[in-house]
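Try each task before reading its solution.

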Number of protein chains: 2
Amino acid sequence: MYRTHSCGELRLADAGKTVKLSGWVQVARDFGAMTFLDLRDRYGITQLVFSMEENAELCERARKLGREFVIGIEGTVRERSNKNPNRATGDVEVVVNTLQILNASKVPPFTIEDETDGGDDLRMRYRYLDIRRAPVQQNLIFRSKLALEVRKYLGEQNFVEVETPFLIKSTPEGARDFVVPSRMNPGQFYALPQSPQTFKQILMVAGMDRYFQIVKCFRDEDLRADRQPEFTQIDCEMAFVDREAILNTFEGLTKHLFKHTLGLEFADFPRMSYDDAMRLYGSDKPDLRFGMPIVELNDLAKDKGFVVFDSAELVAGICVSGRAESTTRKDIDELTDWVKRPQIGAKGLVYVRYNSDGSLKSSVDKFFDESQLKAWAAKMDAQPGDLLLILAGEDDEKTRKQTGELRLEMGRRLGLMTPGVFKPLWVLDFPLLEWDDDTARFYAMHHPFTSPKPEDVAKMASNDRQVLKDLRADAYDLVINGVEIGGGSIRIFDRDLQMKNFELLGFTHEEAEAQFGFLLGAFEFGAPPHGGIAFGFDRLCAVMNGQNSIRDFIAFPKNNQGRDMMIDAPSPIADAQMKELFLESTAE
Amino acid sequence: MYRTHSCGELRLADAGKTVKLSGWVQVARDFGAMTFLDLRDRYGITQLVFSMEENAELCERARKLGREFVIGIEGTVRERSNKNPNRATGDVEVVVNTLQILNASKVPPFTIEDETDGGDDLRMRYRYLDIRRAPVQQNLIFRSKLALEVRKYLGEQNFVEVETPFLIKSTPEGARDFVVPSRMNPGQFYALPQSPQTFKQILMVAGMDRYFQIVKCFRDEDLRADRQPEFTQIDCEMAFVDREAILNTFEGLTKHLFKHTLGLEFADFPRMSYDDAMRLYGSDKPDLRFGMPIVELNDLAKDKGFVVFDSAELVAGICVSGRAESTTRKDIDELTDWVKRPQIGAKGLVYVRYNSDGSLKSSVDKFFDESQLKAWAAKMDAQPGDLLLILAGEDDEKTRKQTGELRLEMGRRLGLMTPGVFKPLWVLDFPLLEWDDDTARFYAMHHPFTSPKPEDVAKMASNDRQVLKDLRADAYDLVINGVEIGGGSIRIFDRDLQMKNFELLGFTHEEAEAQFGFLLGAFEFGAPPHGGIAFGFDRLCAVMNGQNSIRDFIAFPKNNQGRDMMIDAPSPIADAQMKELFLESTAE
């Protein structure tokens with residue numbers, strides 16, 4: 001037996017006991033007569049004591065142990081004279097009687113501490129050392145606990161976890177598929193699922209009533225920061241439900257998760273239409289940890305002789321509370337540069353200081369007198385002491401997005417994105433279709449299986465592009481702190497309506513049948529009304545821990561080139577494998 | 001709202017309530033004045049009543065509903081005059097006030113009943129209709145519940161569920177990999193995992209201490225009956241453990257699962273060495289629901305002038321209790337044909353009837369007199385009335401396996417494989433290596449990461465093939481009712497020993513480094529002693545339900561050609577996809 005206790009378990013009450021511990025050498029401190037050694041495992045750290053006086057040979061051996069050596073010891077628990085209140089085991093230490101080196105360790109390429117000196121690449125290459133660090137280990141433990149709570153809650157609610165297949169069929173719609181050549185079917189390929197969307201709908205047609213799955217999904221996309229080629233979804237679907245039932249069920253799930261992992265309770269989540277979110281926050285995923293909504297100033301700012309505003313489709317601003325005087329000229333210049341960066345793309349930034357004494361001072365004093373500025377301030381609900389930041393642009397939507405980005409940046413700069421505060425929000429009534437000018441066609445805003453709102457079904461027959469743009473989908477997103485955590489919709493369950501939607505998306509009947517014939521066929525055999533939602537599980541983990549990167553919640557993430565640095569994958573395969581798969585490579 | 005209750009929910013106490021139900025039309029019975037309709041959902045069936053007298057128009061509409069139409073109704077619950085005690089809702093019916101057809105259905109290609117008239121191919125093509133059948137639906141619900149219980153139990157035991165990657169590296173050792181071409185790394189491929197073996201070991205090196213995962217694995221093998229290219233494992237690993245700790249932990253899991261799904265409790269599982277299992281049952285996975293062990297007769301049967309026995313390496317038999325007289329000549333002939341089938345490969349079958357009157361009669365009376373036969377009977381623990389069945393062959397191991405097969409066949413014929421009876425067994429001390437004559441090399445019996453038993457480590461340096469054949473691994477299988485449910489081992493955690501094992505398996509140092517360098521490297525940074533086990537989750541589901549086929553516990557299985565008949569995958573992909581992946585097909 002390697003241990004009677006873990007390294008996080010011993011307390012004062014255990015004093016006097018003979019125990020066995022095993023773990024890693026965190027650090028050794030040599031004080032001449034005594035050597036102290038911190039022994040670490042997943043559960044904690046226990047201080048070991050070796051004494052020259054009592055056992056010189058053992059003490060000498062202990063002094064030769066390097067960092068990250070794996071050892072097993074037997075010893076006696078005793079009360080510490082200098083207790084460590086920051087450590088759960090800090091009241092005791094173990095006086096070692098026997099020491100066994102279970103495995104040696106080379107010197108690790110970076111320190112195994114909460115704050116490490118290892119860079120990203122090194123940490124990924126030696127991920128097994130990185131995971132020994134408590135923050136990463138705790139992230140993975142959190143993830144496991146969160147998954148278990150998801151399953152417990154949904155299990156209680158009669159959801160059945162059904163495993164859908166990984167070797168499925170490639171469909172060109174949506175993102176790019178990873179494909180898998182079939183040896184038994186020469187020239188043919190499976191695809192890895194981008195999501196189990198069609199299978200979960202099939203399960204509703206199959207009468208499973210309530211389905212969920214925590215499942216890996218795959219997208220072969222160029223990897224931007226914080227995207228992974230394989231990622232995990234909490235995938236859910238329900239039959240015989242309307243939107244209200246779905247929102248309530250998954251609001252319940254979300255509340256359960258926060259309560260049982262972070263101990264936080266929530267009132268009912270607010271709801272906001274897509275249109276309002278775009279209008280007020282320039283984003284379909286507003287961060288509600290702070291206010292600062294966008295206010296339109298067209299009626300007060302246009303046609304007053306300032307050409308920048310006059311030529312704009314939208315003049316809009318935000319009111320930064322109490323920052324009229326504490327924002328320096330340099331701050332303003334920096335912000336101006338910030339909004340002019342290509343990622344934001346604004347032409348410039350107009351400011352108005354609504355000073356504490358009630359006076360107003362702006363960068364457009366030449367064009368607007370104080371009474372005009374006062375009218376702006378009034379419209380923006382500004383108080384003396386507030387700073388107004390205003391953008392203008394030729395495209396209403398673009399300018400709103402830019403103003404929304406400026407709002408977020410001010411939130412960041414002013415520390416308004418308070419860690420530990422969570423602001424969930426349902427965003428509702430998304431557009432059904434998105435027009436793309438480049439390809440001159442509509443794309444599904446959510447996906448091709450999303451139902452229009454009942455009152456918009458008839459309008460799908462229209463040939464008027466604007467009517468089609470205005471169609472609203474029975475779709476919803478769950479947003480927390482400005483991050484889209486989940487999204488879903490009520491689905492089409494009528495074959496003809498589904499075919500009509502495919503048509504609007506530019507599918508021929510033949511293409512629709514070839515790719516989704518099985519689903520269209522299933523709709524002919526008694527498909528029930530149904531809808532669902534999918535949560536980004538990696539992102540949920542990160543957001544709940546107030547972190548931006550999903551990577552540290554994934555045990556073995558890939559880098560931006562899609563490579564696993566630790567195992568060195570992907571890699572060439574043997575010629576015999578290529579031949580068996582009826583493949584030749586054209587790579588040089 | 002589509003429903004206030006499910007179709008399995010209403011009871012006598014609900015009589016008088018106005019309710020809404022939704023579901024599928026199972027069957028309609030028209031009695032002139034009344035129409036009765038069974039409405040079905042996942043939760044049960046409720047009888048609906050339509051009356052010509054009360055609402056002729058509604059009743060007429062109900063009569064036009066076809067099987068599997070999806071409807072929603074509102075109505076009043078009332079007590080039934082002729083109650084159906086076989087149905088949970090059988091005390092009540094719902095008198096319908098309003099009827100809404102939610103979706104029509106074509107006539108299904110097979111009946112949606114517990115016993116269907118649909119053949120395998122048809123059922124797979126219309127799997128969404130097949131899953132509507134209660135037995136299939138209940139299998140999937142059982143699977144979901146079993147998975148949840150696995151997670152609850154292991155979660156309680158401090159196991160962390162860690163998701164390991166699906167896009168990993170191809171390794172020629174073991175079964176054939178499915179591979180995934182990388183678009184971003186031209187000419188390179190990922191492989192889908194055959195198991196997360198190396199990753200779970202890495203997680204032990206990473207200090208995760210206790211890992212599990214219910215995870216899909218992939219093997220591109222020619223599909224025999226009841227093999228699937230994608231299958232599910234309960235994959236587990238623990239650090240700082242010996243075999244005893246692992247057996248206890250997973251015996252605990254198994255007991256928990258039987259208790260919390262089937263309500264069955266078990267005493268501690270028996271244990272048997274691999275050698276004993278082979279000797280007594282001719283199999284490393286004996287079915288212990290019945291006895292009939294193999295008894296060796298070499299000393300009594302050889303060198304008595306019967307050339308078949310004299311030339312044999314093994315003469316061995318089983319004693320079939322009480323079947324001396326009830327087994328006819330025709331039965332014996334049939335059995336003889338059965339053992340001579342190429343799948344079994346025996347040359348013939350010798351029988352001895354130990355009649356109730358104490359006389360003995362055999363098919364080898366010419367060579368053995370009654371006293372000799374009596375000695376056989378004594379050695380085989382036979383009583384008057386028993387039948388002895390004896391095989392002989394040139395190869396000890398083959399003959400034992402044949403006798404083991406005969407034993408199983410007798411178990412089947414005599415109904416000794418009692419449904420609902422479960423006999424778990426740990427099989428221990430497997431050989432480390434298996435010699436293959438064709439390729440003239442050793443293969444790992446479990447896998448290359450399995451540790452030899454501590455007392456056999458030194459013998460790995462031997463060059464004597466027999467010494468190497470006799471090496472015992474610290475490996476174990478969990479067998480239930482003759483089916484291997486799980487298998488695992490204590491792992492090598494020393495770099496040099498791992499390299500030595502690779503060497504015995506015919507790897508060059510370069511090959512070992514290229515394929516498993518990351519693991520060998522990890523062993524240099526403080527790898528703890530560790531071991532684990534993996535359960536075949538599909539098979540566990542089947543065995544616990546007394547079924548042979550795993551297919552009915554998989555929502556969307558593939559057929560023997562690896563095809564998904566419902567979605568029609570695999571399929572050709574677009575030329576543009578091939579080009580992006582730097583691939584050309586050589587298939588005709």
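**Exercise 1: A ring pair**

A:Phe306 is buried, and so is A:Phe368; buried means under 20% relative accessible area, exposed over 50%, and partly exposed in between (1.4 Å probe, protein chains only). This is a predicted model, in which local features need pLDDT of at least 70, side-chain atom pairs count only at pLDDT 80 or more, and totals for chains, interfaces and linings use all residues. Residues are numbered from 1 along each chain as its sequence is written, chains are lettered from A in the order in which they are written, and side-chain values use heavy atoms, without hydrogens and water.

Task: Which class of pair do the rings of A:Phe309 and A:Phe368 form?

Solution. 
- Step 1. Recall the rule. Rings of Phe, Tyr and Trp (its six-membered ring) pair if their centres lie within 6.5 Å. Planes under 30 degrees apart count as stacked, over 60 as edge-to-face and the rest as tilted.
- Step 2. Apply it. The centres of A:Phe309 and A:Phe368 are 5.8 Å apart and the planes stand at 40°, so the pair is tilted.
- Step 3. Place the residues. A:Phe309 is in helix H9 of chain A, and A:Phe368 is in the loop between S15 and H11, 59 residues apart. Helices (H or I, at least four residues) and strands (E, at least two) are DSSP runs, numbered from the N terminus.
- Step 4. Check burial. A:Phe309 has a relative accessible area of 0%, so it is buried. A:Phe368 is at 2% and counts as buried.
- Step 5. Widen the view. Ring pairs link A:Phe306, A:Phe309, A:Phe367, A:Phe368 and A:Trp376 into a cluster.

**Exercise 2: A salt bridge**

Task: How far apart are the closest N and O atoms of A:Arg491 and A:Glu237?

Solution. 
- Step 1. Recall the rule. A salt bridge is a side-chain nitrogen of Lys or Arg within 4 Å of a carboxyl oxygen of Asp or Glu.
- Step 2. Read the distance. The closest N and O atoms are 2.7 Å apart, and the two residues form a salt bridge.
- Step 3. A:Arg491 is in the loop between strand S21 (483-490) and helix H14 (495-504), while A:Glu237 is in strand S10 (residues 230-239). They are 254 residues apart.
- Step 4. Check burial. A:Arg491 counts as buried at 2% relative accessibility. A:Glu237 counts as buried at 0%.

**Exercise 3: Another salt bridge**

Task: Are A:Glu244 and A:Arg271 buried or partly exposed?

Solution. 
- Step 1. Their side chains meet in a salt bridge (2.9 Å, N to O).
- Step 2. A:Glu244 is at 35% relative accessibility, so it counts as partly exposed. A:Arg271 is partly exposed, with 35%.
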